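Have the sequence and the structure open beside you as you read.

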Amino acid sequence: MKIFIDTANLDMIKEINSWGILDGVTTNPSLVAKENTDTPTRVKEIAKILGDRPVSAEVMALDADGMIAEGKKLAAIAPNVNVKLPMCIESLKATKALSSEGIAVNMTLIFDPLQALMAAKAGARFVSPFIGRLDDIGTHGVDMLSETVQIIHQYGFDTEIIAASIRHPTHVLDAAEMGCDIATIPYDILKKMVAHPKTEEGIAKFKADYEKVNGPGQ
Ligand code: E4P
């Protein structure tokens with residue numbers, strides 16, 4: 001499974017990039033606003049750090065012509081930038097137009113497998129089902145993700161599924177177990193995915209045992 005970070009914060013992206021596990025970045029208007037900047041400026045900075053790995057940049061237009069124009073501008077920032085569109089009929093039209101010009105689209109705000117199917121049919125390179133926000137309203141987000149994975153994979157669409165709106169490490173575990181292509185994960189959850197109390201305990205024990213015989217180690 002590919003791992004993306006879901007943030008527009010440059011320090012977080014640089015740190016996770018240094019771990020050697022980062023496959024891409026997703027941003028959205030809320031994440032960019034948190035950094036007190038604008039999408040084109042921030043996406044240019046992120047795209048440079050990422051090299052040839054994908055970065056999602058979301059449009060603000062809500063009509064197909066506006067999305068296409070804005071999407072082209074965002075895609076022109078760097079070859080690794082893909083255009084994030086919010087799921088709706090206008091976005092389907094814009095996806096068809098952008099993808100037929102070779103511009104990758106990430107259809108976002110997916111809450112139903114049929115929305116993902118429609119996006120894939122229109123040529124979306126990525127679809128982003130939101131797990132956590134469904135959990136928030138008492139619906140099992142992971143079940144919706146699992147149905148989406150089953151449908152998109154069984155027809156062999158050239159569309160990768162990004163598990164989005166991830167709230168805890170078990171969301172990532174669920175996505176990995178079902179064979180989801182990608183998870184876009186917040187920084188604090190990426191950190192939790194590395195830590196384990198038994199690992200810390202083991203490191204301390206090995207050090208103590210070593211030092212009993214050899215004296216203080218490094
Ligand atoms: C996905 O690309 C979105 O940026 C993101 O996962 C939204 O998650 P949230 O529900 O935590 O805002």
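C88 counts as partly exposed, because its relative accessibility is 28%. C180, in contrast, is buried, with a relative accessible area of 3%. This is a predicted model, and a disulfide is counted here when a pair of cysteine sulfur atoms lies within 2.5 Å. By that rule the count is zero disulfides.

| Residue | Relative accessible area | Class |
|---|---|---|
| C88 | 28% | partly exposed |
| C180 | 3% | buried |
| H171 | 2% | buried |
| M193 | 33% | partly exposed |

Let's turn to H171, which sits in helix α9. Its relative accessible area of 2% makes H171 buried. Which residues does H171 contact, once its neighbours within four places in sequence are set aside? They are I131, G132, D135, V142, S165 and I166.

Helix α9 (169–177) also turns up in the surroundings of helix α10: the buried residues of α10 pack against α9, as well as β1 (2–6), α1 (10–18) and β8 (182–185). Helix α10 spans residues 187–194, and its buried residues are Y187, I189 and L190. These lie on the same side of α10 because they cover an arc of only 165° around the axis.

M193 also belongs to helix α10, but with 33% relative accessibility it counts as partly exposed. Together with W19, I21 and V194, M193 forms a nonpolar patch on the surface. The accessible area of these residues together is about 330 Å².

Technical notes
Residues are numbered from 1 along each chain as its sequence is written. This is a predicted model: local features need pLDDT of at least 70, side-chain atom pairs count only at pLDDT 80 or more; totals for chains, interfaces and linings use all residues. Side-chain values use heavy atoms; hydrogens and water are left out. Buried means under 20% relative accessible area, exposed over 50%, partly exposed in between (1.4 Å probe, protein chains only). Helices (H or I, at least four residues) and strands (E, at least two) are DSSP runs, numbered from the N terminus. The arc is that of the directions from the helix axis to the C-beta atoms. Contact means heavy atoms within 4.5 Å. Patches are made of residues with over 30% relative accessible area and no salt bridge: like charges are joined within 9 Å, nonpolar side chains (Val, Leu, Ile, Met, Phe, Trp, Tyr) within 5 Å. Accessible areas come from the Shrake-Rupley method with a 1.4 Å probe; for residues, only the protein chains shown count as cover. A salt bridge is a side-chain nitrogen of Lys or Arg within 4 Å of a carboxyl oxygen of Asp or Glu.
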